[in-house]
Every structure is written in structure tokens, then in C-alpha cells.
Amino acid sequence: MTTRTRILTGITTTGTPHLGNYAGAIRPAILASQDANADSFYFLADYHALIKCDDPQRIQRSRMEIAATWLAGGLDVNRVTFYRQSDIPEIPELTWLLTCVAAKGLLNRAHAYKASVDKNVEAGEDPDAGISMGLYSYPVLMAADILMFNAHKVPVGRDQIQHVEMARDIGQRFNHLFGNGKEFFTMPEALIEESVATLPGLDGRKMSKSYDNTIPLFTSAKDMKDAISRIVTDSRAPGEAKDPDNSHLFTLYQAFASKAQEEEFRAELLQGLGWGEAKNRLFQLLDGQLGEARERYHQLMSRPSDMEDLLLVGANKARAVAAPFLAELREAVGLRSFVNQAAAPVATKKKAAKAARFVSFREDDGSFRFRLLAADGEQLLLSRSFVDGKMAGTFTKLLQSGKPMEVRVEGLSFSVWLNNTAVADSPQFADAASRDAAIEALRIALTPLED
Ligand code: TRP
């Protein structure tokens, strides 16, 4: 039994990924996802993109380019849950539940919002001029992204640390208000990769679209070569010794070279390799490492329907987690069915357990599910979703019949299996003791009456 670390991160879909994005975020994320202990959720934050961009064409192009970049870069969608935020309707729904507990004062302090206000004030404008509710609520949407999937680790840039902290704040408040001692949400932690390079751009400042100093990633070999030829170097002539440690061209080379290649390049620069030739070497290195991925990228871009299919599979995987969890959260805040409200008065513990009942219901997508509720209405189990109503019925009967079931503990929750099929899941518990007590209560509840 292993508890894998859930790693989740979103990529705002407003631009075309460049070499700096690749080395700084994409490549490390793909590598991290290959770890057997990692359960990675990576998604296109396209709802977030709408906050910054009102150009539909650009939004659409960027979503495709970013999806193709991650896939071409080697992301394995069988290991990773890769999806578009906007394909998960549970996200905006959770956003609202969280909006209702998020303190306005907390959001007033968000850096992005504050920066916009400061700019307005400086320009003598109304403080909130041009600021949308989207920008203001940005951290709540991001909290929903993170809390929906109970992520443990959230790899982000430094500018996003505050948002992850806000997700903790908001999640904690929800837990406190509605958890009844149960922690619905896992507290996420920002993960800042210290070792990952922030690549310098053509002019030596951080590579960034806003500085217009980027090296394109997958557009074409020619574009990459042209950009490399524009890297700013000092005026030392061929034959003169170069200083690798003060050359951002060398830093760029380093970010893609093996130790041996790096040492060789360093030695050559010290021996007076000309900058023109040095640029050539950098191009050869990058082209060698990225050429194949570039081809895959263009193949993917030319077959958008394949990507659509992959992303919809990812969305289904994500929703299989999100939908039952959101159902629990709705219950918790009081958005409950009017049916099965009455809780029978509890006489003895045993009797209470016996009074557990199954409630079946249908999802919007037509699939079937059931819950097992304790006498006091507390949810003991939520079934997986079944395409076939009969199947759901059969499993309910099997459980009622007292047929041996297998309980698999997964962290602070457990799942129930029949005939090697995952049938239902427990809620998340605050600690192992309450989880084990719930397993015991479940076994009692499902022991048939002997009268
Ligand atoms: N705000 C993040 C950024 O601009 C993108 C993002 C959206 C995100 N939702 C997220 C990152 C959830 C991590 C987790 O970089």
C-alpha cells in the first residue's frame, strides 16, 4: 500500500511556450511525473487565461500549442491526468463554494490585484479602474483547482507562492466551518524547484515574452537559429579568450548540456572560440535535443482531433475524482436532496449501524451511483459511477448480502472492492483512527441481520 504524492499544476493558456518555459517548467514537470511515487495532475488553466486575455483566437491557439508542447515533450497521459480546466464543471462550482468562505480582506492582499490598484493610483485613476472580478477572484479559482484534487505539492514560480498560501487559508476555513472534525481538504504546499534554471533571454535578462527576448521552442529550426544569432555577446574577437561565467550564451548551453559537453564548451571558449561558432554549437545542441520533439509537435498540431480525444479522456479521469468529492462538499454545506432527510433516532450503536441505508441516484451524464448512509445521514460510502443501472443494483445487493468484500486502505480513506472491481469509496478522514473506526462501522452495518 503506497500513498503517492499528488502533484498538481496549471499552465495559463495565453502564449506560445518558449525555451525558458520548457527548461523552467515543462521539462522538470514531465520528469517529475515519471517518478513512481508521483500522481500528477497537470492542466491547462484556460479559465485563468480568460482573466488576462479577451482574444478568443489567441486563447484557442495557445491552448492547442501548450497541449501539443507538453505532449511532444514526452508527457505520458497514461501516467498523468492531463486535462483542460474548462472541461471540469466541478471547478467553477467549487469556486463558488470557496468564494462564499473566502475573506474579502484576504483577496485585497493578493499581489496581482494590489499591483493593478497601485498602477491605477499612480496614474491618478480610480483605484479599481479596469480591474475585473476575474482578476480579483483569481486566487479563489486557483484554490479550487488545487483543493478539488487534494494536491499535496504544487510546483509553481515564486510569483505564485502567495496563491498557494491563499488556497490553504481558504481550504482551512472551509474545513473548519463544514468539516465537523473531518478535513475535507488537504493542505497544499508550493514546490519551488531551486535547482531549475531560470533561463536568460537573448539580452541576458530573464527569458520572458514581456521582454521580447525569447528563443522559440518548437516553431521551426530556422526560427530557433535566427533567435540564437541575436543573442547579445561581448565584443571579444575570435581567438580572444571568452569568460564563460559571464556569458548568458554559456548559461543557455549549460541548461541543455551534459557535464562533459559543458566542460568541453567552457574550455573552447577559454581558448578563444568565436561567438559565431559558439552560437552554432548552441544551435546544434538544442536542435539535437529538441528536433524530434519538434516533429512530434507539428504532427500533433496538424491533428487537433487526436489531442481533443486525449484531453477528454483526461477530463474524465479528473472528473471521476472531482464529481464524488464535490457531491460530498455539497452535502456538507447543506445543498442536499430533499429525499431521505429524516434520520432515525439512534437507540444502540449496533442498531444505528443496522439502520444504514443505500440511496441510489443518477448523475447528469446518465450514469448510476449509490451512497451508503449511516442512520444519522452520514455518508459511509459513495459508489463509483456505473454506466449500467443493473450493475449498480447488483453491487448494492452483494454488499447487503454480507458477501465478503475487500477493503483497500488508501491514505486517510478506503475503497471497497467486490470481484476485483472498485465499487465504492469512503470519505477522507482526519486521521487513521477515524478511518479504521469507519471501516469497523461499515462491517457492522453490512452484516446481515440474524433473525
Ligand atoms: N496561476 C498559475 C500561473 O499563472 C496557473 C495556475 C492556475 C495554477 N491554477 C493553478 C498553478 C493551480 C498551480 C496550481 O502560473
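## Overall composition

What percentage of the 451 residues in the protein is buried? In this predicted model, buried residues make up 45% of the 451 residues, and the chain is arranged in 16 helices and 11 strands. The C-alpha trace spans about 100 × 55 × 40 Å along its principal axes, while the accessible surface comes to about 22,900 Å², with 51% of that area belonging to carbon and sulfur atoms.

Among the contacts with a separation of 6 or more, 68% are made by residues 24 or more positions apart.

An open sheet is formed by 6 strands in the order 6-7-8-11-10-9, with antiparallel pairing. Strand 6 (357-362) and strand 9 (406-410) stand at the edges, and because each has a single partner strand, one side of each is left without a neighbour in the sheet. On average, and with direction ignored, neighbouring strands of this sheet are turned by 30 degrees against each other.

Strand 8 (residues 379-383) pairs with strand 11 (residues 421-425) in the antiparallel sense over 2 bridges, and the bridge partner of Leu-382 in strand 11 is Asp-425. On its other pairing, Asp-425 of strand 11 stands opposite Ser-415.

## Helices on the sheet

Helix 13 (residues 304-333) packs on the sheet, where it touches strand 7 (368-373) and strand 8, and its direction makes about 45 degrees with that of strand 7. Helix 15 (residues 389-400) lies across strand 6, strand 7, strand 10 (413-418) and strand 11, and runs at about 25 degrees to strand 7.

Strand 10 is mostly covered, with 6 of its 6 residues buried.

Strand 10 runs antiparallel to strand 9, to which 5 bridges join it, and Val-416 of strand 10 stands opposite Val-407. The hairpin of these two strands has 2 residues between them, and within this hairpin Gly-411 takes a positive phi near 60 degrees. Strand 10 is also joined to strand 11 by 4 bridges, again in the antiparallel sense; these two strands form a hairpin with 2 residues between them, in whose turn Asn-419 has a positive phi of about 50 degrees.

Methods:
Residues are numbered from 1 along each chain as its sequence is written. This is a predicted model: local features need pLDDT of at least 70, side-chain atom pairs count only at pLDDT 80 or more; totals for chains, interfaces and linings use all residues. Side-chain values use heavy atoms; hydrogens and water are left out. Buried means under 20% relative accessible area, exposed over 50%, partly exposed in between (1.4 Å probe, protein chains only). Contact means heavy atoms within 4.5 Å. Accessible areas come from the Shrake-Rupley method with a 1.4 Å probe; for residues, only the protein chains shown count as cover. Two strands pair if DSSP finds at least two bridges between them. Axes are lines fitted to C-alpha atoms, for helices over the stretch in contact, and angles run from 0 to 180 degrees between N-to-C directions.
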